[in-house]
Structure formats: structure tokens, C-alpha cells
Amino acid sequence: MKIYLNGELVDKENAKISVFDHGLLYGDGVFEGIRLYDGCVYKLDEHLERLEFSAKAILLDLPLDRKGFAEAVCETCRQNNLKNGYVRLVVTRGAGHLGLTPDGCGPPSVIIIADEIQLYPEELYKNGLKIISVATRRINASALPPAVKSLNYLNNILAKIEAKRVGFQEALMLNDKGEIAECTGDNVFILSKGVIFTPPLDAGSLRGITRAAVMDLAMELGFEVKEQALTRYDLWTAEECFLTGTAAEVIPCVEVDHRVIGSGKPGEATQALIGKFREKVKKDGVFL
Ligand code: PMP
């Protein structure tokens, strides 16, 4: 496997960065997770835009422009003969001193890993996922905007551990008002009285690329789609529930906090969206 590291493609064994890199010492950096479907890098431009916004938010000057990143991502996939998989693009603050300050750090490290993806098992797409809300709140936007896809994922990791410890694969995270924010790596949707709802971004959700794509697809299928603050009660009493994310795609959710959603099977709208999403992903992006 070849890894892109600061402009070069190196063997996995030689893909090494400094222990003084603030990405490692402080989680100081940004990243994107991108999918490759049949040689098409799905929504590459949207991912690179979000990377730019994340970098801007943390005052990190990216060392490449949009075209440079696009070429680096595609070249890494080509060099690994990858046609389907997952690309992890990471930009850290770079090596510096032991103190917190980014002064003296740099240049930023750019890492691109293109690999196979480990999805949820297909069985869960047929039968649905069970999720549970956890005590760990999604971090407040005034502390660190959840819209920033930073390398500091401890908030989500702690929520994931909480869910796993009680036997669930995914955690539902609330914001400090008790509203639904998102899951640890996925956005949340429900279908209620024929309308598709998802929490607004200011509830503490990442501006998911899959979220936006699914909102468009739902409208194409004739659904009304609304961004609205949601409570746990709204999820418990929904007809359908599903999660969206680059790795998970669209995955049905059939139980929330031990409450069965709808019939307990993935609903019709969810299934239609899964079908339409899988159809579209191979055409909507940049070809290698
Ligand atoms: N929320 C969080 C916290 C995430 O990390 C992700 C991406 N893994 C998502 C939502 C989904 O975003 P996207 O559809 O862009 O992958």
C-alpha cells in the first residue's frame, strides 16, 4: 500500500510523521473521509470545500489548493489500484514544540490513505440498527463548533464507548438543550407523518455530505424535507428512522432507546433512499 505523505507516495512502512506533530499531541488538525465508488471519488469537491472551511475555522493554512488536493486524492487511489474504497485525508498543524501554541508549528502534514472500507454488515441494512442515547453530550458550538471536522474526536469516541459498553453499536448524541444532535459518525433522519426531518446544523450536527445528498434524493422522491429541532420523543414515535454518513451510507435504524420504530423493520422510505443513493453514487463525483 502506498500512502501520500507531504507530496510523496511512500510505502505504508515508511509513512511516518514526527512525534512532535500537533495532530498527534493535541488533535490539532482537520480531516475528511471520502468514498470511492467504481473509480468515481464521490462528491470530492464538496469534501474539499468542507476541509477548507474546517481549516479556516481553526486558522490552519492549507498547503494545497482545491485542485492540488483533488489531484493528490486521485493519484493516491490510482497508485493503489483502488476502484472502490475509502479515502482518509488528514491535514495536521505539523511538528512544533511541546506547548499548545501553534506558533512555530509546520509546515502542516498532509496524509492521504486509500484503503478498503469496513462497513456495517449487510445484515444491518436489511434488518436495521439499534441505537441508544448516551449521557455524553455533543460538544457545544461555543466550545468547538461540531461543524469543524477536526482531528479531535474524543467527544464522539466517549459516546461510542458508552453505547458499546451497554451492547449497542451506535450512540445517539444530544446537545446541551437535550435536542438530537447526531450519532457519533452519522447524521440522523426520521420520517414522521410523511415528512422527512433532520436536526438543523446548529443543533450540533456536522454538515454531512451524505446528509445533503439524501435530502436532495428525498425531495426527488417527492418527500417534503425539513430541518427542525428534534427530541428523543420525536425519534421514539417516528414511523422510520435512518442514519447517513460517508462510511455507513444510508442505514436503517429500527430501535431507539429500546423503543421499536415503526414496524421494527426498515421502512419503505428508507429502503427507497438506500436504493436511490446506491444508484447515484457511481456518477456523482470526480473520475480517476
Ligand atoms: N457526523 C459526524 C460526527 C461525522 O464524523 C460524520 C462523518 N463521518 C457525519 C456526521 C456524516 O458526514 P458525511 O456524510 O459527510 O460523512
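**View 1. Gly33 in strand β3.** Gly33 sits in strand β3. Strands (E, at least two residues) and helices (H or I, at least four) are DSSP runs, numbered from the N terminus. Is Gly33 buried or exposed? Gly33 is buried, because its relative accessible area is 4%. Buried means under 20% relative accessible area, exposed means over 50%, and partly exposed lies in between (1.4 Å probe, protein chains only). Gly33 and Gly245 are 212 residues apart along the chain. Their C-alpha atoms are separated by 9.5 Å.

This is a predicted model, in which local features need pLDDT of at least 70, side-chain atom pairs count only at pLDDT 80 or more, and totals for chains, interfaces and linings use all residues. Residues are numbered from 1 along each chain as its sequence is written, and side-chain values use heavy atoms, with hydrogens and water left out.

**View 2. The shell around the ligand.** How many residues surround the ligand? The shell holds 16 residues. The closest are Tyr153, Glu182, Ile209, Thr210 and Thr246. A residue counts as near a molecule if one of its heavy atoms lies within 4 Å of it. The shell divides into three nonpolar, nine polar and four charged residues. Here Ala, Val, Leu, Ile, Met, Phe, Trp, Tyr, Cys and Pro count as nonpolar; Asp, Glu, Lys and Arg count as charged; the others, Gly among them, count as polar. Helix α6 (209-220) and strand β13 (240-245) each supply at least two residues of this shell.

**View 3. Polar atoms facing the ligand.** A polar contact is a pair of N or O atoms within 3.5 Å; within protein, one must be able to donate a hydrogen and the other to accept it, and residues adjacent in sequence count only if both atoms are side-chain atoms. Tyr153 places a polar side-chain atom 2.5 Å from an oxygen atom of the ligand. Gly185 uses its backbone: an N or O atom there lies 3.2 Å from a nitrogen atom of the ligand. Thr246 has a side-chain N or O atom 2.5 Å from an oxygen atom of the ligand. Taken alone, the ligand exposes 390 Å², and the protein buries 93% of that. These areas come from the Shrake-Rupley method with a 1.4 Å probe; for residues, only the protein chains shown count as cover.

**View 4. Ile274 in helix α8.** Ile274 belongs to helix α8 (residues 268-280). Ile274 counts as buried because its relative accessible area is 9%. Ile251 is 23 residues away from Ile274 in sequence. In space, the two are 7.5 Å apart, C-alpha to C-alpha.

View 5. Pro107 lies in the loop between β5 (85-92) and β6 (110-115). The peptide bond from Gly106 to Pro107 is cis. Its omega is near 0°.

**View 6. Two loop residues with positive phi.** Asp38 lies in the loop between β3 (29-37) and β4 (40-42). Its phi is near 45°, a positive value in a residue other than glycine. Asp38 is partly exposed, because its relative accessible area is 43%. His258 lies in the loop between β14 (249-256) and β15 (259-260). His258 is not a glycine, yet it has a positive phi of about 70°. Is His258 buried or exposed? His258 counts as exposed because its relative accessibility is 57%.

View 7. Gln79 is found in helix α3 (residues 66-79). Gln79 counts as partly exposed, because its relative accessibility is 41%. Leu9 is 70 residues from Gln79 along the chain, and their C-alpha atoms are separated by 8.2 Å. Arg207 lies in the loop between β11 (195-198) and α6. Arg207 is partly exposed, with a relative accessible area of 29%. Arg207 and Gly85 are 122 residues apart along the chain. Their C-alpha atoms are separated by 22 Å.
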